[in-house]
Number of protein chains: 2
Amino acid sequence: MCEKKILIVGGVAGGATCAARLKRLSEKSHVVIFEKGEHISFANCGLPYHVGGIIRDQDNLLVSTPEEMEEKFALDIRVFNEVTSINPEKKEVEVKNLEDGSTYTEGYDYLVLSPGAEPIIPPIEGIANENVFTVRNIPDTERILDYIAKNNPKKAAVIGGGFIGIEMMENLAHIGIEVSVVDMAPQVMTFLDTDMVGQVQSEIKKHKVNLVLGDGLNKITDTGIELSSGKEIEADMIILAIGVRPDIKLAKDAGLLIGNTGAIKVDDYLQTSDPFIYAVGDAIEIKHFVDGSEAKIPLAGPANKQGRIAADNIMGRKVTYNGTQGTAIAKVFDLQVGATGLNERQLTNKGIEHKSVTIHPFSHAKYYPGASQMTLKVIFNDEGKILGAQAVGKDMVDKRIDVLATAMRFGKTVIDLQDLELVYAPPFGSAKDPVNMIGYSAQNLMEGRMSPIYIDELDDINKDDSFILDVREIYELDLGKMENATHIPLSELRESLDEIPKDKEIVVFCQIGIRGYIAEQVLRSNGYEKVKNLIGGYRSVVLNK
Amino acid sequence: MCEKKILIVGGVAGGATCAARLKRLSEKSHVVIFEKGEHISFANCGLPYHVGGIIRDQDNLLVSTPEEMEEKFALDIRVFNEVTSINPEKKEVEVKNLEDGSTYTEGYDYLVLSPGAEPIIPPIEGIANENVFTVRNIPDTERILDYIAKNNPKKAAVIGGGFIGIEMMENLAHIGIEVSVVDMAPQVMTFLDTDMVGQVQSEIKKHKVNLVLGDGLNKITDTGIELSSGKEIEADMIILAIGVRPDIKLAKDAGLLIGNTGAIKVDDYLQTSDPFIYAVGDAIEIKHFVDGSEAKIPLAGPANKQGRIAADNIMGRKVTYNGTQGTAIAKVFDLQVGATGLNERQLTNKGIEHKSVTIHPFSHAKYYPGASQMTLKVIFNDEGKILGAQAVGKDMVDKRIDVLATAMRFGKTVIDLQDLELVYAPPFGSAKDPVNMIGYSAQNLMEGRMSPIYIDELDDINKDDSFILDVREIYELDLGKMENATHIPLSELRESLDEIPKDKEIVVFCQIGIRGYIAEQVLRSNGYEKVKNLIGGYRSVVLNK
């Protein structure tokens, strides 16, 4: 590999990874990182936990200091140096030294843009108040912690129920602050489908958080916030976590192509419209892995991968970035909430046909202490190709999403999940792993042996034409009953067929969906033609009440 | 699907799953399960934990009672009924009712054999003593618990350091019994390579277990056991966990083909040499997924899959069983020990060329509380195809093995691991997941940018021709030093090249292997031609001392 001079704008995640890889591929190349802030390579994703005191020492957020990285990789790292403009024709950047105010130009063979994304700050009354914060970098958390120490706030309002909003909510609650969360959407965590988010919102409310949905921030007042609805919420401090916007100023001013999503346009090699300029991380427009559409998905994992790939391409290796699938997870108090791919709402909006199955498996063998029940949903197309997955539970949610994300990345189908041979010992799983079970359930659905009805379709059932059949055992009725349902336990079903009308559609349900499927088989083999089984069973209904 | 009469021999795992699937596919078929014992569908894998009191109630080991299964699936379940012979020509079996001693014949359209495997009991002196136990079923654990209650044993000897032996060791230690573990092999858990098992054995010794390796059981004495070496070990009770042998008597007597491994021969559809007889579970010879060789791999997950597949084929669906890869995990006190595929010892014995990389990643982001360092090893061939993986650590070992087992099952390479987009938030992982890191490391090795040296090759280094270079920072030397190594921290390496001879082979190492790789690049780009990096770094050396 020949020696080159490469400048990198931005020293976090993608930028830092790119620099390290460039030097490992070409020790003699001159690689400069310009970072307008004080820190490079810091743990963005740890910021909320530093506010909550879970990560006590701020230094722990620094994956590497500039000095360490310089020594380790022989990098030229310039913190408090801001690149203010690019001259693509001359292959030069203009740099401002923020410490002494001086400016200088620096030439390059290749330039890598890794400027990240900025928190969206709505132009409303009071937004500049000293008790209004964003959470993007270490100085932000310093300001928040400083404010808390000096003012001892009792109440906080978090605007936005996405990842950062929810993590800030949890961490503020953890240090004893009364939290309200406000989101314009009718739910938090919009990467989840409606039928998955109910239990997350219950968990949030259980922890005394005031959850306000379907309402926006109108203005910051002296006592807190006022919402679009007119509603007022008291708050001594306000966290803005509405979302982020790619930092494209440099790229745009330099005439680089900007995509339809408002992020920097790159090709599969992460090259911008200028062949000597690459871009990575939250500032770029990527291809969505599921449908190839243009998307912005600001996540640390993909940013790091992109940094490495840009370095490879600069060094002539020709490596493609194959899209982002949006695998993500968050801890929400005692719950783990994970997802990958697209959800049903997104697929419907895109006009992509899909089906889904939902099961409620135990984290590990039920008979071994500590097992907890999760909800696992997988979405797939007519050919069975996996389009997305979501999981909510107390434990081992991460590994099920990881396995499903892996199968997805390899273009596999739900049927292929049956074949997976996953770890099993009582503390770790079940002989039939939840991921295998998804495969079985999906196959029954795809082959038409199971006709599904989903919980959001229950309201549309025509009561005159349908017979709702609860096949749970008697002791399970304590968990709640469904209106208009006739109860015949599966254990008595075969002898009680004369109680079930042949001329109606039978909607059968059990507690989690498995016995409902068995009952469906019993009914079909006894001449019942229109039978549907409630996906996820009664548990799905309860979790979404 | 047409209605059939199917008899199943053995009601655990494969047999029970097969029965349930048969009925779901064909409600009107008559399915009979013959079980010579009292229980069907019990949790084999939970037995050691019942002895240890972790699973307190014996009923929790029963996944289903015969009554429940009969009612749920309309099965004909006959416990205490032993099939004593098969007449394939007449398509009949001879059954003995063990409760009243009567016998009868039962005809079939299809027969499924799921007899399992029996513990190996060596024909030695004292083997029939009342304090000698095996661990196969619930009556076995009843006997053990009964013996413990009555005799209050202080010391136990466990013969065999495989899964069951190790789990029994932990559970007996848990209830305060002093345990010795004896294994003829030079290590426990032979599915691990030598370089992975050191830390497991340290953990075992840390918990005061007397570990005796490379020695066999000679006889049971009045005071305990005597080993092949003549060594005597005191023991009030002895657990035999040497291994299991497929229960093939019925099959053999019926003239069915037995494979070279001594298990029942089946084809890809799990059909025996008789087209009307299928066989599943621990009694059959399967194809090893990695190399297609004949193998016996008694595991619950595969047995359940086979049960389902046999049912599918009987019902005319033509589904193949695609081999067992041996994914397994065990808790060993505070460690999690998992593996999938073949290990290096097995590959070498089979003459299969392979390479490996070993890393020591943290379970999740190091800066978030509770992170612990694991050892993760992946083995692959020249094309990068994954042949096996092993992991040992305190936490999240299961998910890394699951992801690797998934990639393996889909025939993927180590390079493909780079692409995986896995969950990341500080409590769950790292932006560069350990599985991604394996991909990066393996690529460096495959592309020749990293020349590996493995810890078991260190002893063969010719001291005159080699220069051993420790590039760790000064504060790390407290962790221990390697004899004959010259210490130059990576941060000073570039200025200290004149201290490193050009005419020798340079063996470089750091703490876990990453900076050793960087140092290797620095040296290569400065004209050093023969440089090797110690895989796994000094940590691998320490863990195997």
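Guide: What follows describes the interface of the two chains, then some residue pairs in it.

This is a predicted model, in which local features need pLDDT of at least 70 and side-chain atom pairs count only at pLDDT 80 or more, while totals for chains, interfaces and linings use all residues. Residues are numbered from 1 along each chain as its sequence is written, chains are lettered from A and ligands numbered from 1 in the order in which they are written, and side-chain values use heavy atoms, with hydrogens and water left out.

In chain A, 83 residues are in contact with 83 residues of chain B (contact means heavy atoms within 4.5 Å). The size of an interface is often given as the accessible area lost when the parts come together. Here the buried area is about 7,300 Å², and carbon and sulfur atoms give 60% of it (the accessible area, with a 1.4 Å probe, that two parts lose on being put together, summed over both). Of the area that chain A buries against chain B, 11% is supplied by Y367(A), F410(A) and E421(A), more than by any other three residues.

The interface also holds 30 residue pairs in polar contact, both residues at pLDDT 80 or more. A polar contact is a pair of N or O atoms within 3.5 Å; within protein, one must be able to donate a hydrogen and the other to accept it, and residues adjacent in sequence count only if both atoms are side-chain atoms. Several elements of chain A each supply at least two residues to the side that touches chain B, among them α1 (14-25), α8 (300-314), β22 (328-332) and α10 (397-409) (helices, H or I of at least four residues, and strands, E of at least two, are DSSP runs numbered from the N terminus). The largest share, 9 residues, comes from α10(A). By class, this side of chain A has 38 nonpolar, 21 polar and 24 charged residues (Ala, Val, Leu, Ile, Met, Phe, Trp, Tyr, Cys and Pro count as nonpolar, Asp, Glu, Lys and Arg as charged, and the others, Gly among them, as polar).

Side chains of opposite charge can pair when their charged atoms come close. Across the interface there are 10 salt bridges (a side-chain nitrogen of Lys or Arg within 4 Å of a carboxyl oxygen of Asp or Glu). One of them joins K399(B) to D398(A), with the closest N and O atoms 2.9 Å apart. R409(B) and E421(A) form a salt bridge at 3.1 Å, N to O. R409(B) lies in α10 of chain B and E421(A) in the loop between α10 and α11 of chain A, so this pair joins two chains.

R494(A) is placed in the loop between α12 and β30 (505-509) of chain A. Beyond its neighbours within four places in sequence, R494(A) is in contact with residues including I518(A), V522(A), K72(B) and F73(B). Its side chain makes a polar contact with the side chain of E27(B) at 2.5 Å. A polar atom of the R494(A) side chain also lies 3.1 Å from the backbone oxygen of E71(B).
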